[in-house]
Amino acid sequence: MAKLFHPKVNKSMRRFIFTLFYLFSFGIGWAQSESDEMAVLYDDRNTCMSNGGWNLDRYDELQSLEAGKSIVIADIEGPGIIRHIHTTRHHPAELFARGIVLEIRFDNASEPAVEVPLADFFGDGCNGRSTFFSSNLIECAPWSYNCYIPMPFKERAVVILRNETTQSTDNYSYVEWETIPKWNKHFAYFHATYRRDGFQLTPDTNYEMIHIEGRGHLVGRQLSVSTDEPLWGRAFNYVMEGNNEVDIDDQERVFDYLGTEDSFTFSWGFQHPFTGPHAGMPLIYTRDTSLLSIYRFHDHMPIRFRHSLTWRINWSEERHFTNRNPRPQDREWAEFRAVEWAKALAREGCWVDYASVFYWYQDTPGGFEHLPLPPLAERQKTLLKSNL
């Protein structure tokens with residue numbers, strides 16, 4: 001039999017080659033097992049669909065999305081898994097993008113698992129101004145929204161649209177799901193929540209974005225930023241900074257992203273539009289009023305917590321912005337920035353507007369108490385507070 005290795009190949013090199021071969025083979029096998037799931041035939045599952053909103057076709061009994069009314073897109077008995085939610089993007093966006101609310105309830109829980117303005121849930125940031133994009137989990141398509149996040153439910157799932165505006169609109173929505181033979185005790189319930197705050201950004205700002213109690217894992221977040229502060233400048237200067245600190249199960253800073261743009265997988269601020277499967281920047285507009293919409297999904301590795309998770313942005317550690325113990329080579333520039341920041345604060349400027357959506361799974365069906373949604377007129381404003 002021919003020898004596998006040349007005699008001059010030493011033992012350590014042989015071990016290295018065998019290791020590479022093993023990892024390569026394992027990787028192919030793992031990928032094949034994942035992709036082969038599509039080819040498996042199941043006798044104990046059914047695929048199903050529910051229509052909603054459009055009563056100008058076969059199903060005239062469907063509810064239309066009238067002003068001030070709610071419609072049920074799907075009311076499903078479990079156990080099952082929602083696989084796809086499709087709904088219309090509405091014109092004009094400035095009226096309907098945040099004026100229509102997506103609500104999802106699981107297993108007759110008193111609290112909805114999802115309560116988010118429609119555009120924000122689908123990453124169409126700053127009140128419906130984002131460009132078209134497609135990620136692994138949500139999609140802002142030509143005049144429609146799509147969600148591919150799997151949503152298991154044990155007993156019941158109800159998908160609702162609430163039109164909180166004073167104007168009726170045409171809508172076509174549908175939900176695709178599959179039945180499963182029995183509930184898997186390891187399944188968790190999908191949640192999403194919305195929050196919007198206007199705050200004055202100072203060198204001491206430590207902004208808590210979300211706090212979750214319970215057991216679960218975080219799978220994504222979306223952020224819409226608007227400001228007319230001249231100091232922020234191109235690429236959302238200063239706004240891009242701030243450490244994104246994630247406390248998990250009473251342990252501080254398990255994750256500590258040293259910059260907001262880096263936490264969304266970008267570098268050197270927010271400069272160019274980009275959309276990818278895990279992260280994207282579908283809106284960046286820097287004029288008199290600057291607008292930014294960004295998303296990131298952690299489907300490659302969810303951020304897991306056993307009893308609590310807190311996400312905050314802390315600007316106080318940015319030495320070259322705050323002039324707190326900067327490097328010698330940065331001292332002059334840091335002092336200049338700190339002085340400019342202080343001047344802007346003295347004129348009552350530096351206001352920034354954050355609207356966020358967090359997406360996660362939790363072990364209970366209605367395990368989060370959402371903040372009350374802001375009044376419709378406030379939701380539809382481009383800015384909560386102007387700097388000019």
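These questions and answers walk through a predicted model, from the overall chain to its strands, pocket and cavities.

User: How many helices and strands are there in the chain?
Analyst: The C-alpha trace spans about 80 × 70 × 40 Å along its principal axes. Of the 388 residues, 51% count as buried. The chain holds 8 helices and 22 strands.

User: Among contacts between residues at least 6 apart in sequence, what percentage join residues at least 24 apart?
Analyst: Take the contacts in the chain between residues at least 6 apart in sequence. The share of these that join residues at least 24 apart is 76%.

User: In what order do the 4 strands of the open sheet run?
Analyst: The edge strands are E13 (206–213) and E16 (251–257), each pairing on one side only. E13 is joined to E21 by 7 bridges, and E15 is joined to E21 by 6. E15 also pairs with E16, over 4 bridges. The antiparallel order is E13-E21-E15-E16.

User: Why is strand E21 described as largely enclosed by the rest of the structure?
Analyst: In a regular strand the side chains alternate between the two faces of the sheet. On one side of E21, Ser308, Thr310, Arg312 and Asn314 are buried, and on the other Leu309, Trp311 and Ile313 are buried too. E21 is largely enclosed because its buried residues number 7 of 7.

User: Which residue in E21 is the bridge partner of Val246?
Analyst: E15 (residues 243–248) pairs with E16, where Ile248 stands opposite Gln251. E15 also runs antiparallel to E21. There, Val246 has as its bridge partner Trp311.

User: Which residue in E21 is the bridge partner of His211?
Analyst: E13 and E21 run antiparallel and are joined by 7 bridges. His211 has its bridge partner in E21. That partner is Thr310.

User: How many of the residues of E22 are buried?
Analyst: Trp351, Asp353, Ala355, Val357, Tyr359 and Tyr361 point one way from E22, and all are buried. Val352, Tyr354, Ser356, Phe358, Trp360 and Gln362 point the other way, and these are buried as well. The count for E22 is 12 of 12.

User: How many bridges join E12 to E22?
Analyst: E22 pairs with E14 in the antiparallel sense over 10 bridges, with Arg221 opposite Phe358. E12 (residues 189–200) also runs antiparallel to E22, and Asp197 has Tyr354 as its bridge partner there. The bridges joining E12 to E22 number 12.

User: Which element gives the largest share of the lining of the largest pocket?
Analyst: The pocket has a volume of about 560 Å³. Of its 20 lining residues, the closest to the centre are His186, Ala188, His217, Arg304 and Tyr361. Strands E14 (216–227), E20 (303–305) and E22 (351–362) each give two or more residues to the lining. The largest share, 3 residues, comes from E14.

User: How many charged residues are in the lining of the largest pocket?
Analyst: By class, the lining has 10 nonpolar and 4 polar residues. The charged residues number 6.

User: What is the volume of the largest cavity?
Analyst: The structure holds 3 cavities of 30 Å³ or more. In the largest, the lining residues closest to the centre are Arg98, Cys126, Arg196, Ser226 and Thr382. Helix H4 (125–128), E14 and E22 each give two or more residues to this lining. The volume is about 70 Å³.

User: How many charged residues are in the lining of the largest cavity?
Analyst: E14 supplies the largest share of this lining, 3 residues. By class, the lining has 4 nonpolar and 4 polar residues. The charged residues number 5.

User: Which element gives the largest share of the lining of the second largest cavity?
Analyst: This cavity has a volume of about 40 Å³. Its lining includes Ile73, His86, Phe122 and Val159, and divides into 7 nonpolar, 3 polar and no charged residues. Strands E3 (80–88) and E10 (156–163) each supply at least two lining residues. The largest share, 3 residues, comes from E3.

Methods:
Residues are numbered from 1 along each chain as its sequence is written. Side-chain values use heavy atoms; hydrogens and water are left out. On a 1 Å grid over the protein atoms alone, a cavity is a set of points where a 1.4 Å probe fits but cannot get out, and a pocket is an open set with protein on both sides within 12 Å along at least five of seven lines; lining residues have an atom within 4 Å of a point. Grid points are joined across faces, edges and corners, and a volume is the space filled by probe spheres set on the points. Ala, Val, Leu, Ile, Met, Phe, Trp, Tyr, Cys and Pro count as nonpolar, Asp, Glu, Lys and Arg as charged, and the others, Gly among them, as polar. Two strands pair if DSSP finds at least two bridges between them. Buried means under 20% relative accessible area, exposed over 50%, partly exposed in between (1.4 Å probe, protein chains only). Contact means heavy atoms within 4.5 Å.
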